[in-house]
Amino acid sequence: MSKTYVVPTEISELNRVEDKLELLKDIKRSFSVYRIDCGSCNGCEIEIFASITPMWDPERFGFKLVANPRHADILLCTGPVTRQMYYPLLRAYEAAPDPKIVVGYGACGSTGGIFHDCYSTWGGVDKVIPVDVWIPGCPPHPASTIYGLATAIGILDQKLKKVEHKDGSNEAPVIEKSVFGNTLFEREVMERARVMMGYLHGRELHKVFTKAVSSIKDIYNPVSSKKSLLEVIKKEEDPRFRECMMILHNDVYLKHLKRFKNIDKCNPAICFTKEEMELAYD
Amino acid sequence: MKLLDMTRKYGNATYEYPFAPYDVADGFRGKPEYDYDKCIGCTACGVACPSNAINVELNEAKDKLVWKFDCGRCIYCGRCDEVCPTNAVMLGSNFETAVRFNKEDLTESAELELECCQNCGKKFTTKRLIAYCIENFKKVGWSESVIQEKTKYIKTCPVCKKADSVELVSKHFSKGVKK
Ligand code: SF4
Ligand code: SF4
Ligand code: SF4
């Protein structure tokens with residue numbers, strides 16, 4: 001949607017950056033925060049109310065939520081500005097006393113977030129009114145909220161800076177050596193680990209399992225490698241990791257070993273039996 | 001008085017933050033951290049990102065691939081982390097992401113050099129991606145001749161690959177047709 005609202009001169013003249021910094025310097029009282037919901041999914045509201053609980057206590061810095069834009073110093077705008085909330089947002093903006101500090105809250109308030117190209121939204125508060133502070137997050141953690149509000153009034157310093165990487169080498173990133181001399185083994189371990197435990201814990205499982213396998217002395221001897229893996233499994237505290245490591249041994253390790261040696265995959269001396277797997281949860 | 005007793009019993013519940021660091025929970029999804037040296041420019045993250053916070057596209061002169069990230073749009077879903085083959089982008093624990101007055105500070109960008117197709121000479125993918133593939137071939141334990149054949153294959157752009165295979169098929173096809 002194209003921009004239609006132009007900030008009236010009497011408002012923009014009173015809202016220069018210097019005026020805002022001056023206000024922050026001489027305020028000598030609490031900051032009143034007015035929250036405008038411009039069509040947010042309510043996730044951001046919940047986090048705002050989480051951050052005004054005693055756990056986070058923003059009144060330590062003097063932030064107080066008020067129920068009327070005419071009392072507000074800071075406007076906290078959540079949501080991507082839907083068509084229906086366009087005029088209410090403008091009314092609240094014009095009603096707030098000058099100079100006012102506008103905060104785009106959440107991914108939606110900053111840039112439109114997940115709704116940035118939705119037909120019925122403006123894609124961010126700054127497409128409609130001038131915004132001073134952006135607090136990204138979907139929704140922002142209460143700690144981010146506290147940090148963002150403290151940045152807004154200048155108690156804390158901004159930490160993010162624009163980063164531009166240029167002129168790197170054209171070398172490939174390092175690929176670690178495989179225990180079998182074939183990275184397809186590691187790849188399959190990663191794949192199975194992710195299927196079983198998801199990307200976050202799967203990565204952890206992959207790390208633990210490959211570390212255990214690479215510490216095995218004779219990788220081509222399934223009996224001794226089962227024994228040494230069992231040692232590692234016994235030390236592992238999380239039962240899910242214990243079971244998944246047994247499955248990886250049975251399904252992936254023995255499968256790859258079969259290419260080098262003629263083995264029987266169901267031989268209880270080299271694979272983990274059903275009873276052993278059940279013991280993982282004891 | 002009763003209230004004061006209760007307060008004494010439960011102690012102070014307020015976190016010290018921002019006067020003391022706040023330790024995030026295990027598995028916390030913070031700002032995605034990007035490692036330029038590991039990125040091979042495969043664009044998987046750009047395809048997976050549901051809110052288009054990551055965009056991977058050619059620059060204006062069309063001679064570099066640019067990886068762009070806008071923290072303001074990121075919804076911390078972790079899909080980029082999930083698909084990245086080299087773990088170049090991983091969700092970190094940084095939650096102090098607010099910026100004041102300058103929205104550009106939320107962005108991050110990286111440039112990668114492009115490789116030309118060996119047949120038509122057009123640029124089609126990054127040099128690092130090709131180097132990464134060749135490095136992987138070596139670690140799989142293939143013989144030298146297989147590696148060379150595959151290297152030739154990946155250094156050809158998709159358009160030329162298509163033309164090549166059409167040529168190959170039509171050659172075999174014309175053999176079977178009686179004149
Ligand atoms: S930023 Fe996320 S949580 Fe907040 S309103 Fe938008 S979608 Fe909802
Ligand atoms: S965490 Fe999700 S939204 Fe953020 S950059 Fe990654 S894929 Fe995109
Ligand atoms: S998925 Fe990883 S390697 Fe590929 S472009 Fe994204 S960050 Fe770079």
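Biologist: Which domains does the domain assignment of chain B give?

Modeller: Chain B is assigned domain 1 (25-114) and domain 2 (117-179), with bounds that come from an automatic or database domain assignment. This is a predicted model, in which local features need pLDDT of at least 70, side-chain atom pairs count only at pLDDT 80 or more, and totals for chains, interfaces and linings use all residues. Residues are numbered from 1 along each chain as its sequence is written, chains are lettered from A and ligands numbered from 1 in the order in which they are written, and side-chain values use heavy atoms, with hydrogens and water left out.

Biologist: How many residues does the contact take from each of the two domains of chain B?

Modeller: Domain 1 of chain B gives 15 residues and domain 2 of chain B gives 7 residues, contact meaning heavy atoms within 4.5 Å.

Biologist: And what area do they bury between them?

Modeller: About 900 Å², 61% of it on carbon and sulfur atoms. Buried area is the accessible area (1.4 Å probe) that two parts lose on being put together, summed over both. On the side of domain 1 of chain B, Ile40(B), Glu113(B) and Leu114(B) supply 61% of the area buried against domain 2 of chain B, more than any other three residues.

Biologist: Which residue forms a salt bridge with Glu113(B)?

Modeller: Lys127(B) does, with the closest N and O atoms 3.7 Å apart. A salt bridge here is a side-chain nitrogen of Lys or Arg within 4 Å of a carboxyl oxygen of Asp or Glu. The count between the two domains of chain B is 1 salt bridge.

Biologist: Turning to the chains, how many residues does the contact take from chain A and from chain B?

Modeller: The contact takes 60 residues from chain A and 64 from chain B. The two chains bury about 5,400 Å² between them, 59% of it on carbon and sulfur atoms. Leu160(A), His165(A) and Tyr199(A) supply 13% of the area that chain A buries against chain B, more than any other three residues.

Biologist: How many salt bridges are there between these chains?

Modeller: The count is 4. One of them joins the side chains of Lys103(B) and Asp126(A), at 2.6 Å from N to O.

Biologist: Lastly, which residues come nearest to ligand 2?

Modeller: Cys49(B), Cys74(B), Cys77(B), Gly78(B) and Cys80(B) come nearest, out of 14 residues around ligand 2; a residue is near a molecule or strand if one of its heavy atoms lies within 4 Å of it.
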